[in-house]
Amino acid sequence: MVDSITTIITTLGFPSVEAFIAALFLVLAVVAVIVVVSTIKPVLNMFPYTYPNARVRARTGRLFTEKEFSEIVEAENIEEIKNYLRGVPDYAKYIDQYPLEKALDSQLAESYDLIARITPDNSKEVFNFLLKKWDIRNIKSIIIAKQANLNLNETLNLIVPFGALTDKLDSLIEADNVTEVINGLEGTEYPKILEDVISTYNETGLLLPLESALDKYLLENLLRSAATPEDDNTSLLHNYIGTMVDVANIKIILRAKTYNLKYDDIESYMISDGYQIREWKLKELMEAEDVASVISSLEGTSYAPMLSDAMTEYTETRSMSSFEKALDNHVFNTAKTISLKNQFGIGPMIGFLNKKEREIRNLKTIARGKREEGFSPSMIKEMLI
Amino acid sequence: MKTTGMADFLESVSIKDKGILTLAKSFVNPPRIEKKEVENLNPDELLENAEDTLNRVETKTKPLEEKINELDAKNSRLTNAIKVAQNLIKFNFEFGDLADSKYVSIVSGKISLDSYEQFKLGMKNLPEEILVEYDDSTDKEFKILVIITLKANEDKISSLLRKLEFERFDLSGISGKPEEVIKKSESRIEEIEKEKESISMELAVISDEWLKELLVLKEQLEIAKQRSEIFSSFGETEKTVMFEGWVTVKNLEKTLDIIESTTMGYSIVDVSDPDVEKDKIPVQLDNPRFAKPYEMFVNMYSPPDYREVDPTILMAIIFPFFFGYCLTDAGYGVIDAIIGLVLFYGLGRNSKLMANVGLIFVACGVWAFILGMATNGFIGDLFPRWIIGVSYIPTTIQSINAFVFPQNILALALIVGVIHINMGLFIGAYNNITRGEVREALGTQIVWFILEIGVVIAAVAYLTTGITAAEIFGGPVIILSLLMLMYLNGPYGVMDVTGFLGTILSYARLLALCLSTGGIAMTVNILAGLADSLIPYIGFILAPIVFVGGHIANCAFQSLGAFINSLRLHYVEYFSQFYIGGSHKFRAFRTKRKHTEIGGK
Amino acid sequence: MVVEIGLGTALGAIGAGVAVGMACLGSGIGQGIAAAGSVGAVAEDPDMFARGLIFTALPETQAIYGFLIAILLLVFSGIMGGGAGLSVTAGLVAIGAGSAVGFAGLGSGMGQGITASSAAGAVVEDPDMFARGIIFTAISETQAIYGFLIAILLLVFGGIL
C-alpha cells in the first residue's frame with residue numbers, strides 16, 4: 001500500500017512523499033481560503049444590520065395591534081386616550097410632558113432619531129436626511145408662529161425636540177420676527193436655501209415661498225442622498241425614498257390641477273427630478289390641462305393603476321382625498337414589500353418607520369375625532385388606515 | 001391602576017438586603033408568601049376600600065416624595081453652580097458682581113474655538129463699548145468668555161452669540177468667589193444626600209407597613225376587574241343573562257352543582273358534546289403528577305388536537321433519558337439534580353413553574369448520573385486520573401465505556417433513535433386510523449414499518465447465509481415499500497427515504513454530545529493537571545481554579561446543549577412523525593390568588 | 001515535555017489546527033451575529049437578557065466540537081501527555097477528521113448565528129416565539145453534528161483513537 005502510493009507520487013514528478021504532501025496542502029489551503037471568503041462575504045453583509053434590526057423589531061412588536069386600536073377608539077375623551085398612552089412606556093415619557101399632538105409627533109421623531117443613530121454607515125446619510133424632516137418642520141412651525149404672533153408657550157407646543165437643530169431651537173424661539181429666525185439659522189444650510197425666496201417674502205409677506213423652498217430642499221436632497229446605491233440594501237432604500245418623493249410630486253401636481261393652476265404657477269414649487277417620474281415626465285405632467293390628463297400621462301408608471309381607480313371616485317366627489325389615500329397606500333405597500341423581501345437587511349427598518357407613521361397618524365385621527373363633536377367610535381374606526 | 005403605581009413605588013423604595021448570601025438564601029429558602037384572609041366584597045365596597053387605603057398611604061408618602069423632588073432640584077442647582085464656578089475659576093470674580101445692573105449687562109459662557117474666531121470678526125462691526133474678558137487657558141476646544149457691555153448693546157451681542165452656539169452660564173442665585181462657591185456647594189450637596197437618605201429610610205418604613213396590604217388590594221381589584229369584564233361576553237335581555245363556555249368532563253358535575261346552587265334553581269343548562277369537525281375545541285391536558293411538568297413542553301410546541309394521543313407521558317419518560325444520554329456525566333448529573341431539588345423546594349414553593357422546572361431537572365440529573373456511571377464519566381476522567389488506580393469507575397459497563405468504544409455508543413444512539421421514531425410512527429398510525437384516514441396512515445407511517453422489516457430481514461439473511469439470501473428475502477419487502485411510497489406519495493416519494501435516513505442519523509447527536517461532555521471535562525482535568533505540574537509556586541493555587549471554573553462552565557454549557565438537543569429531538573424528529581397539534585389551551589375562568597384567600601375556608 | 005515530532009504527528013497537529021480554527025471561525029462569526037442581535041433586543045427589553053444569552057450561546061457548540069476533536073488529536077498523536085506518534089497515513093486521516101469538524105462547524109456556526117439573531121429579534125417582537133425560535137436555531141446545528149460524527153468515525157476507524 002505504502003509502496004504503491006510512493007510510486008504514484010514519484011510518477012507524478014514529486015521528489016518525495018513530503019513534497020507531495022506539501023503541495024497537497026498548498027492546494028487545500030487555497031481551496032479553504034476560497035471557500036471561507038466566499039461563504040463569509042454574504043454573512044458579513046448581513047452583520048451590520050443585525051443589531052439595528054433586533055431593536056427595530058422589538059419596537060415593531062410594541063406597535064398597537066388592531067385590538068388595542070379598537071380599545072383606544074372606545075375611549076370616552078382625550079383624557080382617557082392620554083391615560084391609555086401613559087400605560088405604554090414608549091409614549092409615557094412624552095405624554096406627561098407635552099400636549100397630546102406634540103407628544104405623538106415627538107414619539108415619531110424619536111423613532112426617526114433612533115433609526116438614524118443605529119443604522120449602518122452606508123445608509124446613515126439617507127436616514128439623517130429623513131431626520132431633517134423634523135428640523136424643517138420645526139423651522140416652519142417657528143416662522144408660522146412668529147408670523148401669527150404666538151407667544152413663547154404656544155410656539156413651544158409646536159416644536160418637536162428632535163433633529164440636528166435641537167441646540168438652536170431655544171434661541172430661534174426667542175427671536176422676534178421671521179427675519180431674525182432666519183438670521184438665527186446662520187451656520188446651518190438653511191439660510192442659503194431661503195436666500196432666494198426671502199426677498200419674495202419681504203415683498204409679499206407670504207410664508208408659502210419659504211415653506212415650499214424648505215420642502216423642496218428636503219425632497220431633492222433626500223433623493224440625491226439615496227441615488228447612488230452601493231448594494232441591495234441601499235438600492236431598496238432608494239426605491240422607498242424615491243416612491244415617497246414621487247408621491248409628494250404627484251400630490252402637488254394633482255392638487256394644483258384641481259385648482260386649475262398652470263405650468264408657470266407651480267414650476268417653482270416642484271422638485272426638479274423624481275425616481276420613476278423623471279424630469280421630462282414631470283414637465284409633461286405640469287403642462288397637462290386637468291386632472292384627467294395628468295392621470296393619463298402617468299400611464300406606464302406603477303402609479304397609473306391605482307390612480308385611475310381613484311379617478312372614478314374623484315369624478316364623483318371632486319375631492320383630492322381619494323388620490324391621497326391611494327398614494328399613501330402605495331407608499332405603505334412599497335415599504336411592506338421591501339420589509340418582507342429583505343428580512344436581514346434594511347427591510348425591517350423601513351417597514352417599522354412606515355408602520356410607526358401610520359400608527360401616529362391613526363392616533364391623531366382618533367384624537368381629532370374625540371376632540372370634535374359628533375364622531376362615534378365606529379365612524380372614527382372607519383377613518384383609520 | 002393607581003394601586004399598581006403605588007405598590008410599585010413602595011416596592012422600589014423598600015430596603016433590599018444586599019449581598020450574595022441573602023441572594024442565595026432567596027433561592028434556597030424564599031419567604032413563603034403569606035396569604036391574607038379577605039372577605040368577598042362587592043366591587044363598590046372594594047373600590048371604596050381601595051381609595052381609602054390609597055389615600056391613607058398617599059398622605060404619608062406624598063410629602064416625603066415632594067421633599068425628595070425638592071432636594072433633587074436643589075441638588076441640580078448646586079451641581080450647576082459648581083460647574084459654572086469651575087469654568088470661571090480663572091477669573092476670580094465675585095459672582096454677585098456679575099449680575100446685570102441698570103446700565104451694564106454681563107454675559108458669561110462657553111464658546112468653541114472655531115466660533116470664537118468668528119466672534120472676534122463679528123465684534124469688529126459692533127460698537128466699542130464692549131469689554132470681553134477671556135481666560136487664557138490652553139483648552140483645545142472651548143474658550144470661556146465674560147462679556148461686559150452697556151445695556152444698549154446687549155441685543156447686538158446676543159444676536160451675534162446666538163449664531164455661534166454660545167453656551168450661556170446660568171448665574172442666577174450664585175454668589176461669592178468661584179472657589180468658595182465650589183466648596184460651599186459641595187458641602188451642601190453632601191448634606192442633601194444625607195437628608196435624602198433619611199427620607200428614603202422613612203419611606204422604607206412606610207413601605208414595610210403597607211406594601212403587603214397594597215398587593216392584596218391590587219389582587220382583589222384585578223379579580224374584580226376580570227369579573228366585571230367577563231359580563232361583556234354574556235348575552236342578556238332585560239331580566240336574563242346567557243353564557244356559553246367549555247368545561248372539562250371531569251368537572252362537569254361540579255359546575256352544574258355550582259350553577260344550580262347560586263341561581264337557586266332558576267337556570268337552564270344545556271350540555272352537549274363538542275362537534276369535532278366544526279368546533280374549535282380547547283384542550284386540557286390531564287397527566288399524572290410526574291408527567292405534569294412536561295405539559296409545558298408540549299404546549300410550547302402547540303397543544304395537541306382534541307382527538308389525538310397526548311404525548312406528554314411518553315415525553316416525560318424519554319426526555320430525561322435523552323438529556324442523560326447527551327450529558328452522560330455522573331458528576332454533572334448530581335449537580336443538575338441538586339439544582340433541581342433546590343428549585344423545587346425553594347422557588348418552587350411560591351411558583352408552580354419553578355417547581356415544575358425543578359422536577360424536570362431532578363429527573364434529567366438522575367438519568368445523567370445513571371448513564372454517566374455506566375459509561376465511565378464522572379466529571380470527565382476524574383476518578384481514573386487522580387483518585388483510584390484503575391482506568392474506569394467500577395460501575396462502568398465495559399462495552400459502552402465512552403472513550404474506549406464510542407462506536408458502540410453510536411450504535412446504541414441509532415438504535416434508540418429507531419425505537420423512538422417507530423414509537424412516533426406507531427402513534428401516528430393510530431391517530432390516522434382512528435380518524436379514518438387509512439391512506440394517510442399507509443403513506444406516512446406504515447410504509448416505513450414495511451421498509452424497516454425489509455431491512456431487518458435482509459440484514460439477518462446476510463449475516464446468517466449471505467448476499468443472495470438477503471436479496472431473495474429482504475429485497476421484495478424493500479421494493480414493496482418503495483413502490484408503496486411512489487404510489488401513495490407521488491413519483492418523488494422515494495426521495496423521502498433520504499429524509500427518513502437523515503432523521504435517524506440525527507440521533508447520532510446523542511453520541512456527539514455525550515463525547516463532547518466527557519471530552520471537554522477531560523480537557524479541563526488535563527489543563528488543571530498541567531497547571532499544577534508545570535507552573536512553579538502558584539501552580540497548586542491555579543489548578544483548583546482551572547478545575548472548578550472549567551467544570552462549572554462545561555456543566556452549564558453541556559446541560560444547556562443537552563436540554564436543547566433533547567427538546568429538538570422531540571420537536572423535530574419525533575413530533576413530525578405523528579403530531580398534529582394546533583388546538584388552543586383550555587383556559588378556565590378563575591381567580592388566581594397569590595396574596596389573598598377568601599375567608600371562611 | 002518537548003516531544004520528538006514526526007511527520008505523521010505534525011500532520012495530526014495540522015488536523016487539530018484546522019479543526020479548532022475553522023470551527024471557531026464559524027462559531028465566532030455566528031456568535032457575533034447572534035450577540036449583535038441579542039444586544040439590540042436587550043436594549044429594547046431588558047427582560048430579554050437571559051433569553052438573549054441563550055440565543056448567543058447556541059452557536060458555541062461548533063467551537064466545542066472543534067475544540068474537542070483538536071484535543072483528542074493532540075492527546076492521541078502524542079503531542080500532549082506523551083505517547084506514540086502517528087504514522088503519515090494516520091496523520092492524513094487526522095487532517096480529514098479536522099477538516100470535517102472544522103468546515104462543518106464553519107458553515108453550521110454562521111448559519112446558526114444568523115438564525116439565532118433573527119430568532120432573538122422575533123422573540124422580542126413576540127415572546128411566544130421563544131420555543132420555536134430555539135428549535136429553528138437548533139436545526140442548523142445538525143450539520144456540525146454530522147461533521148463531528150464523521151470526525152469521530154475517522155478517528156476511531158482510522159486507528160487514531
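**Charges and helices in a predicted model**

Visitor: How does B:Arg289 count in terms of accessibility, and at what percentage?
Guide: B:Arg289 counts as partly exposed, because its relative accessibility is 44%, and partly exposed is the class between buried, under 20%, and exposed, over 50%. Please keep in mind that this is a predicted model.

Visitor: Where in chain B does B:Arg289 lie?
Guide: B:Arg289 lies in a loop of chain B, the one between α7 (252-262) and α8 (295-301).

Visitor: And which residues form a positive surface patch with B:Arg289?
Guide: The positive surface patch is formed by B:Arg289 together with B:Lys352, B:Lys585, B:Arg587, B:Arg590 and B:Lys592.

Visitor: Okay, what about negative charge, which residues gather in a patch of that on the surface?
Guide: A patch of negative charge on the surface brings together B:Asp44, B:Glu45, B:Glu48 and B:Glu51. One of these residues, B:Asp44, is found in helix α3 of chain B, and B:Asp44 is exposed because its relative accessible area is 59%, where exposed means over 50%.

Visitor: Switching topic, how many salt bridges does the structure hold?
Guide: Over all chains, the structure holds 28 salt bridges. As background, side chains of opposite charge can pair when their charged atoms come close.

Visitor: Which residue does A:Arg137 form a salt bridge with?
Guide: The partner of A:Arg137 is A:Asp105, and the closest N and O atoms of this salt bridge are 3.0 Å apart. A:Arg137 lies in helix α7 (residues 121-147) of chain A and A:Asp105 in helix α6 (residues 100-118) of chain A, so the pair ties together parts that are 32 residues apart in sequence.

Visitor: Is A:Asp105 buried or exposed?
Guide: A:Asp105 counts as buried, because its relative accessibility is 6%, whereas A:Arg137, at 28%, counts as partly exposed.

Visitor: Which side chain meets A:Glu324 in a salt bridge?
Guide: The side chain of A:Arg255 does, with a distance of 2.8 Å from N to O. This pair links distant parts of the chain, since A:Glu324 is in helix α18 (residues 321-341) of chain A and A:Arg255 is in helix α13 (residues 232-258) of chain A, 69 residues apart. A:Glu324 is partly exposed, with a relative accessible area of 24%, and A:Arg255 is partly exposed at 37%.

Visitor: What does B:Lys196 form a salt bridge with?
Guide: B:Lys196 pairs with B:Asp72, the closest N and O atoms being 2.9 Å apart. Here too distant parts of the chain are linked, with B:Lys196 in helix α6 (residues 178-230) of chain B and B:Asp72 in helix α3 (residues 43-87) of chain B, 124 residues apart.

Visitor: Which residues are linked in a network of salt bridges?
Guide: The network links A:Arg55, A:Arg59, A:Arg62, A:Asp90, A:Lys93 and A:Glu110 with C:Glu44.

Visitor: Last one, how many helices and strands has chain C?
Guide: Chain C has six helices and zero strands, and its C-alpha atoms fill a box of roughly 55 × 30 × 15 Å, taken along the principal axes. Of the 161 residues of chain C, 57% count as buried.

Terms used. Residues are numbered from 1 along each chain as its sequence is written. Chains are lettered from A and ligands numbered from 1 in the order in which they are written. This is a predicted model: local features need pLDDT of at least 70, side-chain atom pairs count only at pLDDT 80 or more; totals for chains, interfaces and linings use all residues. Side-chain values use heavy atoms; hydrogens and water are left out. Patches are made of residues with over 30% relative accessible area and no salt bridge: like charges are joined within 9 Å, nonpolar side chains (Val, Leu, Ile, Met, Phe, Trp, Tyr) within 5 Å. Accessible areas come from the Shrake-Rupley method with a 1.4 Å probe; for residues, only the protein chains shown count as cover. A salt bridge is a side-chain nitrogen of Lys or Arg within 4 Å of a carboxyl oxygen of Asp or Glu. Lys and Arg count as positive and Asp and Glu as negative; His and the chain ends are not counted. The place of a charge is taken as NZ of Lys, CZ of Arg, CG of Asp or CD of Glu. Helices (H or I, at least four residues) and strands (E, at least two) are DSSP runs, numbered from the N terminus. Buried means under 20% relative accessible area, exposed over 50%, partly exposed in between (1.4 Å probe, protein chains only).
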